[in-house]
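Here are some notes for a colleague who has not worked with this structure before. Please read them beside the sequence and the model.

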Amino acid sequence: MKVLFASSEVFPFSKTGGLADVSGALPLALSKLNVEISVITPLYKCVKDRFSMEDPNITFDIPISSKTEKATLKKLTYKNVPIFFVENDNYFYRDGLYTDGNRDYQDNAERFIFFSKAITEFAISNNFDIVHLNDWQTALTSVFLKKVYEWNGKIVLTIHNLGYQGIFWAYDMHLTNLSWEYFNPNLLEFWGNINFLKGGIYTADAITTVSPRYAEEILNEEFGFGLDGVLRDVKHKIHGILNGIDYEEWSPETDKFIIKNFDYNTVTEAKKECKKDLLNSYGLGEDIKKPAFGIISRMVIQKGWDIIIQSLENLLEDDIYIVALGSGEKEYEEKLKELQEKYKNKLGVKIGYDNGLAHKIEAGADFFIMPSKYEPCGLNQMISFKYGTIPIINPVGGLYDTVVDIDDRKNGNGIRMKNYSTDELINSIRRAQRLFKNPLELSRIRKKIMKLDYSWTSSAMKYLELYRRLLENEF
Ligand code: ADP
């Protein structure tokens, strides 16, 4: 079975969020199941400047409106998986993947139409059986392959986050070179705009979401971002498959970013060292008797930043540390910096992207705060398990599927908020503080959650099963 996996970010080459983690790990897990898989992704500046590549001598002429742009493929093999990078410096040789640090690039429609056309050309010229697309940046490939080329392979489209759909004004339609007949409500048109993801949803053979719960939630208005009606139309082809964690990247036994490696036998003592190191990194001293709460997330409302900010002043009166890492909305970044000035000895804030520090937080924190408003899957709660760090979550999407409240002594592995509110977040963090005062119970839960297994193997087997059923025309 020949599969082409297309994604706009792939770890360790480029990353803004969980999509990169999935795109780095799932193809690898599938190749271990003997799927002949290739990955295709843009050649961004951050990749071109850091990695050397082979030149397989493949170039496509891509029509974009009335001009022609060159897509040159570069290649490297990463852990036995061939990765093809689409080079076009006009579009991709920039500092950010999607934004200039403040705003989305103005030509994002054109950049990802170009990328989707390059994927289309590569898929056709290489006889793939399955093209697996991810999110809006690649979704138009499905429209090109199915509607323009009447390609007879199968297409899987994974929705990692319905909050991002690739919506652009109708004047960009000419960049697709599709005729206006495609601009209709059953394909690309969405309230007078073009919606890339909608085109993909209508034309792909199967849609997957990154957790079973999210597959149900997106059918409702609350989580559907205006596409719930469309998704109900195609409900029969939606499948929820939980993401896994790449334990080669995220394991306290082998983690090279943390000061002391550990497993579930040594977690209690080693975590103290890791906690000291973490607090030092934030200039918070070395007093490990108070509980430390970690947050790593994009600073956007999806991740619960409105209630995090509202609860901080109240919580920081307690004897605790909170360390945060992320970037996003200026409003949240500024409020955090303001609070940090006021609570210098308790609140640590790092604005930006820092993979090493993310590892230190997972290892050194006692609890991980993740009160998402919606969460397609969420990786950090599962990473936290592995590091014996107890997650505090709002039970939506993948958080609902993976976190059981510790009140359930048998299966409990985290703290579940009862509803999405500032008060409930405060209550949940105070529950954690009470648990911290009970070292025996704390240690029992830590050891237990470290043994949970969310590796990619079982998820990859579910994707493989889906591919097989598609090729056998079972849907
Ligand atoms: P999303 O994809 O919605 O951002 P996920 O929980 O699925 O959220 O994945 C987020 C991934 O990105 C995790 O691996 C997390 O550790 C990482 N991450 C997020 N923000 C940062 C940051 N500022 N620095 C380092 N890693 C980050």
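**Notes on the predicted model**

1. The residues of the shell around the ligand comprise five nonpolar, seven polar and five charged ones. The model is a predicted one, and the points below should be read with that in mind.

2. The ligand is surrounded by 17 residues, and the closest are Gly18, Asp21, Arg298, Lys303 and Gly352. Helix 1, strand 14 (321–326) and helix 14 (355–364) each contribute at least two residues to this shell. Domain 1 (2–244 + 457–471) and domain 2 (267–452) each provide at least three residues of the shell.

3. Polar side-chain atoms can be checked against oxygen atoms of the ligand. For Asp21, a polar side-chain atom is 2.9 Å from an oxygen atom of the ligand. For Lys15, the distance from a polar side-chain atom to a ligand oxygen atom is 3.1 Å, and for Asn380 the corresponding value is 3.4 Å. On its own the ligand has 560 Å² of accessible area, and the protein covers 92% of this.

4. The backbone has some points to inspect. Most residues other than glycine have a negative phi, and most peptide bonds are trans. The peptide bond joining Phe11 and Pro12 is cis, with omega at about 10°. Pro12 sits in the loop between strand 1 (2–6) and helix 1 (18–32).

5. Phe225 is not a glycine, yet its phi is positive, near 45°. Phe225 belongs to the loop between helix 9 (221–224) and helix 10 (228–233). Is Phe225 buried, partly exposed or exposed? Its relative accessible area is 38%, so Phe225 counts as partly exposed.

6. Asn473 also has a positive phi, of about 55°, although it is not a glycine. It is found in the segment after helix 19 (456–471). Why does Asn473 count as exposed? Its relative accessible area is 53%, and the cut-off for exposed is over 50%.

7. Thr208 is part of strand 11 (residues 206–209). Thr208 counts as buried because its relative accessibility is 0%, and buried means under 20%. Which residues is Thr208 in contact with, leaving aside its neighbours within four places in sequence? They are Val156, Leu157, Thr158, Ile159, His239, Ile241, Tyr463 and Leu466.

How values were computed. Residues numbered from 1 in each chain as written. Predicted model: local features only at pLDDT ≥ 70, side-chain atom pairs only at ≥ 80, totals over all residues. Heavy atoms only, no water. Helix = DSSP H or I, 4+ residues; strand = E, 2+ residues; numbered from the N terminus. Buried < 20%, exposed > 50% of the residue type's maximum accessible area, 1.4 Å probe, protein only. Contact = heavy atoms within 4.5 Å. Near = heavy atom within 4 Å. Polar contact = N/O pair within 3.5 Å; in protein donor to acceptor, adjacent residues only side chain to side chain. Areas by Shrake-Rupley, 256 points an atom, 1.4 Å probe, with all protein chains shown as cover. Nonpolar A, V, L, I, M, F, W, Y, C, P; charged D, E, K, R; others polar. Domains from an automatic or database assignment.
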